[in-house]
Amino acid sequence: MNANDLLIELRKFVLIKSGLRNIDPAHCKIISEYVFQETKNYVSETTIKRFFGFANTLHKFSLFTLNSLSQYIGYNDWDSFSKDKENQTTSVQSIWQDLKLKAHAITEISLIAKKNNSGVPFNATANRSFFYPDFDYFLKNNYQFTTISAQPGQGKSILLAHMVEYFFLSENALYKNDIILLVNSTSINTIIQNGDTLKDWFLKEFKFGSLTELISFFKKNPEKREGRFIIIVDGIDEHLARSNYFKTFIDFLYSIEENNFVKLIFGLRTNSWINLQPAIYGSASLTKAWYTGLFYDEETLSNVPSLNADEVLYTLSHIENKIINRADVSPPLLTQFKTPFWLQVYFKLKDENHHLELSNPLLCYELISYFLEKRVFLAKKSTEKVFLLKKISDCISEGNKKLRVSKEKILSYINCYPDAYEELLHAGIIIEEKRLSTTIPTEIVRFLNDDIYTYFLFIQITDKFEYRPCKSFFEHILNSFPGQTSRRDHILNWAIRFCITRNEIAALKSIFRLPFTNSEKNSAFDFICYVSKYELCKPNSNFNKLSIGIDFIDIMATGRTMSNLYKETIKTISENVLNEDVQIMLHVIECNVNLIDVDKVALANTMQLLKRNYKRLSELFPINPYDLILYFYNNLVNKPNESKTLEDKIIKLCQEIDQSKPQKNEEITSAEILSYRLVLITLFSQKSYAECHRFIMAILTKYPNIFYVRHSVFSPFLLLHLGQTYIKLNYFKKAQRIIQFVDKIISSDYTYYTNFILASFSVFKANFYNATHNYEQALIETNIGLDITGKNDFKMFEIALLLSKIDTLKHTEESEEVSNVIKELLNFLTVHKLSMPDYSNLSSHEFEHTFKILKSYRRHQNL
């Protein structure tokens, strides 16, 4: 054995002794401590790192180090270890077995390095067994070499590691007689650092002057061959970028004699493969010897497809130590994870931050930010790299298939900072490709990932507005990117994250005031919830317990969506905010949510918190919301209400509003919106329809243009409430005009409305058609509403619509269906453990008797 073989053996036994199958730099400190405990000799962590190849080795290892490690594994010293290993290999064995032993030692170390370089634990990576039959076909047929080619981060190295284990090294490996030699970048770097040529190294290790000489020997002596000789070379892209190494590689391919037992596999990035292709296509023998494989894509020059959903979920399940299903991962994130590289980023980010959830779409953006922070913003030459990436993103145009730019267009920038450009290529942030569809093949440059390109587009916007988000900032986004596109969605989300991380909350109101589409506004509102919840959990965040103010309340109050995300956000922030006034307003919103959820327990708990601040509530709101909420709570728990005092307070408020001077829409406050909403549903529940009408008219006196607001859900809420009031007062023509007006504003795409408003609109229309005896249409609207409430968990509206459906069916020939709907209603109440509060009955006065019977039956059932 030569010295290198002995070192490889020593490494292997140190690993075994330490109980490690794989090793990473973090283990080196542990091994250092183990050696000291065992031998009382101190071998530093740095020396252990050099010993395992994690740090550069500028000189030979000292005899002290070698003796200490030999003693650690049970030998007296390095000399006795060396003699023992020499004795083991001097026994007579065939040339083939000797080659196999040498190759195995190199492959073992290369495999350990490959597993340790895996961004996620190797046992968590998908083995991609779909590829195995294709590889097996290559081994068994008359091909000389094949390539596993892919873009950076597609997982080609991990795929190779899995194949080496499956076919050659595992306990049940198919081809145990074959020699497998895995050579990676670490092996190549060691050879170069030692001043050897590949030829010298091959001669030293395998006693043959070259691979050609080895092939010739076994051709002349076929009886000495016991299998195939498989050579896998991976991670040499950086070397192939240099012309002298590239020429050596091409010469090597040409030098191989045709045979059926030596097989070569090269793991290459596609940009390396682009440069190799002309040399291969120029040779008929090489073209014939090359196996492209079933999965080779002529356009991308890759034969490593993206991960499928099952493979992504397999890895995530291993990372999370629990079964992860599709429903647990947000769809955009699942798509992002189909590039294995993002799973590696997630694994590292998760180790630093435990607050991220796979169901949270924000995670897509946090991954990109984290990756670019490490690889660009905190890396060497960061200023030059950021400059280049901005210029590249600025020059990119949308081609037929990919976002790319001709290298010629950015050559002047590349020439300014060639080293930074090369590092960006090596890091896999940008990619060079050949465009072959043009008359003259041209080089093009693109980002590894479109989302990274979008990020740098966004960075340019922040530069343009000097990092100050404002109305003009969002107008620029609106006018620069076409609507209904994923790019504008991503830019908007980056902008939301940017505003919240800087605590520029007021700027976010522009999203709802500008003519973004309703879909974009709803998505933006959800994303505000996601980011605010996440930022609140982060240490040192600008958006924190102390900084949350009225601007955040304004957004939450005018964008009531009633989703689970909204409820969780309100609750999370109300439990953490330190500003008492903000906390009180959040508790009022919580109570509003609990009323619609018909959640007695949650309502009672939040009311206790509000009661402590009863006096401050009267100062913050035009009417004390606690009195209104208490009315509904009593309704929920079937307690009598002393409503005279409350009625007097409402009448007084109505008079005050009516006597106000007309004001602009933007002057209405969140406290007013929350109060008016509670007052109106209280009056409606009390069946004080005339008072309800008077109150809405008073609001119109103070805010004459309130119905023309398109950025807040308060305007459609007010309109629908007025419509319901008109029905109760038998003003059917006026109610019909409300229906037509709401239909018109909803069809205008920039109007902001939510699923809650749509459900409310369905209740209104169902009631209108019931009241005007158009029962067929009433049934259609009821079913539309039930579809919305079922998907969005609007419990109060679900009860109201089921009651409306019973009312409708009683007037039709479908009367036998009434029993079925009653059963459906009672089952819904039982499953969700709900009562049937009076305020959920929005049906006609003729239905009162039926409602009382149903409620009485429900109460009897509970007893």
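1. Two strands are said to pair if DSSP finds at least two bridges between them, and strands (E, at least two residues), like helices (H or I, at least four residues), are DSSP runs numbered from the N terminus. This is a predicted model, in which local features need pLDDT of at least 70 and side-chain atom pairs count only at pLDDT 80 or more, while totals for chains, interfaces and linings use all residues. Residues are numbered from 1 along each chain as its sequence is written, and side-chain values use heavy atoms, with hydrogens and water left out.

2. Strand 4, residues 262–269, has parallel partners in strand 1 (residues 145–150), to which six bridges join it, and in strand 3 (residues 229–234), again over six bridges. Within these pairings, Leu268 of strand 4 is the bridge partner of Ser149, and Ile265 of strand 4 stands opposite Ile232.

3. Strand 4 is mostly covered, with eight of its eight residues buried, where buried means under 20% relative accessible area with a 1.4 Å probe and protein chains only. Val262, Leu264, Phe266 and Leu268 point one way from the strand, whereas Lys263, Ile265, Gly267 and Arg269 point the other way.

4. A cavity here is a set of points on a 1 Å grid over the protein atoms alone where a 1.4 Å probe fits but cannot get out, and its lining residues have an atom within 4 Å of a point; grid points are joined across faces, edges and corners, and a volume is the space filled by probe spheres set on the points.

5. The largest cavity holds about 350 Å³ of space, and of the 21 residues that line it, Ile681, Phe717, His721, Met796 and Phe797 are the closest to its centre. At least two lining residues come from each of helix 30 (580–597), helix 35 (670–685), helix 37 (714–728), helix 39 (755–771) and helix 41 (795–809).

6. The second largest cavity holds about 170 Å³ and is lined by 16 residues, with Thr125, Ala126, Ile158, Leu307 and Pro340 nearest its centre. Helix 8 (156–169) and helix 18 (340–352) each supply at least two of the lining residues, and at least three are drawn from each of domain 2 (95–291) and domain 3 (309–375), the domain bounds coming from an automatic or database domain assignment.

Terms used. 1 Å grid on protein atoms, 1.4 Å probe; cavity = no way out; pocket = protein on both sides within 12 Å on 5 of 7 lines; lining within 4 Å. Buried < 20%, exposed > 50% of the residue type's maximum accessible area, 1.4 Å probe, protein only.
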